[in-house]
Amino acid sequence: MNPATTSLFATPPDPSALRAMDLHTRTRIIESWLCRELGHVLDVPPAHRVNPHRPLRGIGVDSLLALCLKRRLELELDVRIKTHDLLRDDTVSEIAALLAQSVTQPAPAAYGMTR
């Protein structure tokens, strides 16, 4: 078995590598990772994929999942995002674009947490 397919979460992109990329490439990489991540969390069957052009709420992201997703995004991508950004009718692609713009600068340390 491939360890990447058996892990609970998709491997996140490296924030420092993302910062070195152009905005378009950074957005596409984050979008792809976010779709895989949501696929795991939402238990999407392997034969299906999360559509990046559907709103997060439309694919099943509720307030509890948005809070969990916010924490994961902030820890893994070293960005800050507001929970309400994940609860609007934004698509996965739109959230990826928002994150791609946010990843250009390291997030300030929040609540004394370290990676």
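Is Arg-80 buried, exposed or partly exposed? Select Arg-80 and look: this residue is partly exposed, with a relative accessible area of 38%. Keep in mind that the model on your screen is predicted.

**Stop 1: the whole chain**

Zoom out. The protein chain has six helices and zero strands. The chain has 115 residues, and 38% of them count as buried. The chain exposes about 7000 Å², with 57% supplied by carbon and sulfur atoms.

Next, think about contacts between residues at least 6 apart in sequence. Of these, 68% join residues at least 24 apart.

**Stop 2: colour by confidence**

Colour the chain by pLDDT. The average is 84, and 82% of the residues score at least 70. Select helix H1, residues 3–6: among the elements of the chain, H1 has the lowest mean pLDDT, 42. Then select H6, which has the highest, 95. Go back to residues 1–8. Here the pLDDT is below 50. Beyond near neighbours in sequence, this stretch has three contacts in the model.

**Stop 3: helix H3**

Select residues 23–41, which form helix H3. H3 has 19 residues. From its first C-alpha to its last, H3 reaches 26 Å, close to the 27 Å expected.

Start at the N-terminal end. Which residue caps H3 there? Select Asp-22: a side-chain oxygen of this residue lies 3.1 Å from the backbone nitrogen of His-24.

Move along the helix. Its buried residues include Ile-30, Trp-33, Leu-34, Cys-35 and Leu-38. Arg-26, Glu-31 and Glu-37 are buried in H3 too. What covers the buried residues of H3? Show H2, H4 and helix H6 (92–102): the cover includes these three.

The phi of Asp-43 is near 60°, a positive value in a residue other than glycine. Is Asp-43 buried or exposed? At 65% relative accessibility, Asp-43 counts as exposed.

**Stop 4: salt bridges**

How many salt bridges does a search of the whole structure find? The search finds nine. Visit three of them.

Select Arg-19 and Asp-78. Their side chains meet in a salt bridge, at 3.0 Å from N to O. Arg-19 sits in helix H2 (residues 15–19), and Asp-78 in the loop between helix H4 (63–77) and helix H5 (83–87). The two residues are 59 residues apart, so this pair links distant parts of the chain. Arg-19 is partly exposed, with a relative accessible area of 25%. Stay on Asp-78 for a moment. Its phi is near 55°, a positive value in a residue other than glycine.

Now select Glu-37 and Arg-72. This salt bridge spans 2.5 Å from N to O. Glu-37 lies in H3 and Arg-72 in H4, so the pair ties together parts that are 35 residues apart in sequence. Both residues are buried.

Glu-74 counts as buried, at 15% relative accessibility, whereas Arg-80 is partly exposed at 38%.

**Stop 5: around Glu-74**

Keep Glu-74 selected. This residue is found in helix H4. Which residues does Glu-74 contact, leaving aside its neighbours within four places in sequence? Show Val-79, Arg-80 and Ile-81.

**Stop 6: Thr-83**

Finish in helix H5, the place of Thr-83. Thr-83 has a relative accessible area of 18%. Buried means under 20%, so Thr-83 counts as buried. Now show the contacts of Thr-83, leaving aside its neighbours within four places in sequence. They are Ala-66, Leu-67 and Lys-70.

How values were computed:
Residues are numbered from 1 along each chain as its sequence is written. This is a predicted model: local features need pLDDT of at least 70, side-chain atom pairs count only at pLDDT 80 or more; totals for chains, interfaces and linings use all residues. Side-chain values use heavy atoms; hydrogens and water are left out. Helices (H or I, at least four residues) and strands (E, at least two) are DSSP runs, numbered from the N terminus. Buried means under 20% relative accessible area, exposed over 50%, partly exposed in between (1.4 Å probe, protein chains only). Contact means heavy atoms within 4.5 Å. Accessible areas come from the Shrake-Rupley method with a 1.4 Å probe; for residues, only the protein chains shown count as cover. A salt bridge is a side-chain nitrogen of Lys or Arg within 4 Å of a carboxyl oxygen of Asp or Glu. The expected span of a helix is 1.5 Å times one less than its number of residues. A polar contact is a pair of N or O atoms within 3.5 Å; within protein, one must be able to donate a hydrogen and the other to accept it, and residues adjacent in sequence count only if both atoms are side-chain atoms. pLDDT is the predictor's confidence in each residue, from 0 to 100.
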